[in-house]
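Subject: The structure for you to look at

Hi,

Here is the structure I promised to pass on. Have a look at it first, and then read my notes below.

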Amino acid sequence: MLGLLDKIGTTAAAIAGLIVGAAVTFSLLGLYDAWIDDPAVASAARQGFVAASEKQALQGQVDEMRRQFKLAEAVAESERARAEAANREADNAGKQYEAAVAADTGDDGCRVSSGDLDWLRKSRGAAGGGVK
């Protein structure tokens, strides 16, 4: 009879252990769900990510626009310098031509009058009147 009570006691202890284990597991899973896996907690944690990623994307666009603006400024400055050099070269060529015309005293039948020089000056524009 003691053997039968021993088997019943062992079985009851095993069943009680399973019930207690299930209760502890259920409690721990409930705590996990409430503290870690809770959708409200997850959404609160993700709340700042959208704003941060949008800010980072906009900052990247601003940086790219600044880079393009600086590049455009550099290109414009180099073109401005080239235009000024071309204007100086044209002015120098015009002055050299005028000096050559003034020095031409030969009677070769090809004379340039002062009216022709005035027309040439007007067609070129004022000296140094190129790029501003």
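A quick definition before anything else: a residue is called buried with under 20% relative accessible area, exposed with over 50%, and partly exposed in between (1.4 Å probe, protein chains only). Bear in mind that this is a predicted model, where local features need pLDDT of at least 70, side-chain atom pairs count only at pLDDT 80 or more, and totals for chains, interfaces and linings use all residues. Residues are numbered from 1 along each chain as its sequence is written, and side-chain values use heavy atoms, with hydrogens and water left out.

Now the overall picture. The protein has 3 helices and 0 strands, where helices (H or I, at least four residues) and strands (E, at least two) are DSSP runs, numbered from the N terminus. With a radius of gyration of 47 Å, well over the 14 Å that the globule rule gives for 132 residues, the protein is more spread out than a compact globule. That radius is taken over C-alpha atoms, and the rule is 2.2 Å times the number of residues to the power 0.38. Along the principal axes, the C-alpha atoms fill a box of roughly 155 × 25 × 15 Å.

Next, the salt bridges (a side-chain nitrogen of Lys or Arg within 4 Å of a carboxyl oxygen of Asp or Glu). The whole structure has 4 of them. Among them is Glu77 with Arg80, whose closest N and O atoms are 2.7 Å apart. Why are these two about one helical turn apart? Because they sit 3 residues apart in helix H2. Glu77 is partly exposed, at 45% relative accessible area, and so is Arg80, at 35%.

Glu79 and Arg82 also meet in a salt bridge, at 3.0 Å from N to O. Glu79 is partly exposed at 40%, whereas Arg82 is exposed at 57%. Another pair is Arg66 and Asp63, with 4.0 Å between the closest N and O atoms; helix H2 covers residues 39-103.

Finally, helix H1 (residues 2-35) holds Leu28, which counts as exposed because its relative accessibility is 53%. Leu28 belongs to a nonpolar surface patch with Val20, Val24, Leu31, Tyr32, Trp35 and Ile36, and together they have about 750 Å² of accessible area. Patches take residues with over 30% relative accessible area and no salt bridge, joining like charges within 9 Å and nonpolar side chains (Val, Leu, Ile, Met, Phe, Trp, Tyr) within 5 Å. Accessible areas come from the Shrake-Rupley method with a 1.4 Å probe, and for residues only the protein chains shown count as cover.

Cheers
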